[in-house]
Amino acid sequence: MEIRIGNGYDVHALAEGLPMWLGGVRIPSETGFVAHSDGDVAIHALCDALLGALALGDIGHLFPDTSDEWKGVDSKILLAKVVAILEEKGWRVGNADITIALQRPKLAPHILSMRETLAGVMGIPADAVSVKATTTERLGFVGRCEGCEVWATALVLRD
Ligand code: MG
């Protein structure tokens, strides 16, 4: 069996009055992410980890933010497309681990829902998808509630 690993990183700015989509889930919040797509920064980092595992570039070149095709797009659609690209090449997702840095709102009530949602899109069990959340103790742009930062790691497998 071949095993490859990839990492992904993404940041989106927060602004008042926008919907907050994170890990494929709508999070009740007074602020949301400024973006060309739905701004799901966790899915974007996950997509980049999956693409990175196979040295296939990043979602910015697959789904350019200059294209109207991807304006306001549900990022779950982007994730499904990335998984389809992997599968075309004979790969499947092994597991993924995602760390979200966000000052507020608290994400604990939504972690399980994110794991189940992302696992569903990738066609793998929820226990193969880890989502962890942390604040930055009020330090930096995350701590000032100016944005959200996400790191993702993913393993892909081919028999
Ligand atoms: Mg992004």
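How many of the 13 residues of α1 are buried? The legends below take that up, along with a few other close-ups.

This is a predicted model, so local features need pLDDT of at least 70 and side-chain atom pairs count only at pLDDT 80 or more, while totals for chains, interfaces and linings use all residues. Residues are numbered from 1 along each chain as its sequence is written, and side-chain values use heavy atoms, with hydrogens and water left out.

**View 1. Helix α1, residues 41-53.** Here's the answer to the opening question: 12 of the 13 residues of α1 are buried, so the helix is largely enclosed by the rest of the structure. Buried means under 20% relative accessible area, exposed means over 50%, and partly exposed is in between (1.4 Å probe, protein chains only). Look for V41, H44, L46 and D48, which are among the buried ones. Helices (H or I, at least four residues) and strands (E, at least two) are DSSP runs, numbered from the N terminus.

View 2. Most residues other than glycine have a negative phi, and most peptide bonds are trans. A55 follows α1 and sits in the loop between α1 and α2 (59-62). At 63% relative accessibility, A55 counts as exposed.

**View 3. Strand pairing around β1 and β7.** Two strands pair if DSSP finds at least two bridges between them. Strand β1 (residues 2-16) and strand β7 (residues 147-158) run antiparallel, with 12 bridges. Along this pairing, I5 stands opposite L155 and G6 stands opposite A154. β7 is also joined to β5 by 9 bridges, again antiparallel; there, A101 stands opposite E149. Back on β1, 3 bridges join this strand to β4 (residues 31-33) in the antiparallel sense, and E16 stands opposite T31.

**View 4. M20 and its surroundings.** M20 is in strand β2 (residues 20-22). With a relative accessible area of 0%, M20 is buried. Contact means heavy atoms within 4.5 Å. Not counting residues up to four places away in sequence, M20 touches L14, V25, R26, I27, S29, T31, G32, F33, L102 and P105. Take F33: F33 and M20 are 13 residues apart along the chain, and their C-alpha atoms are separated by 6.0 Å.

**View 5. The loop between β5 and α4, with P105, P109 and H110.** This loop runs between β5 (92-101) and α4 (111-122). Zoom in on the peptide bond from R104 to P105, which is cis, with omega near 5 degrees. Is P109 buried or exposed? At 65% relative accessibility, P109 counts as exposed. The C-alpha atoms of P109 and N95 are separated by 22 Å, with the two residues 14 apart along the chain. H110, at 17% relative accessibility, counts as buried. Leaving aside neighbours within four places in sequence, H110 is in contact with I27 and P28.

**View 6. The largest and second largest pockets.** Rolling a probe the size of a water molecule over the atoms shows where empty space is left. On a 1 Å grid over the protein atoms alone, a pocket is an open set of points where a 1.4 Å probe fits, with protein on both sides within 12 Å along at least five of seven lines; lining residues have an atom within 4 Å of a point. Grid points are joined across faces, edges and corners, and a volume is the space filled by probe spheres set on the points. The largest pocket has a volume of about 200 Å³. Of the 13 residues that line this pocket, H36, S37, H44, F63 and D65 lie nearest its centre. The second largest pocket holds about 160 Å³, and its lining includes E16, T31, R104 and P105.

Notes
The expected span of a helix is 1.5 Å times one less than its number of residues.
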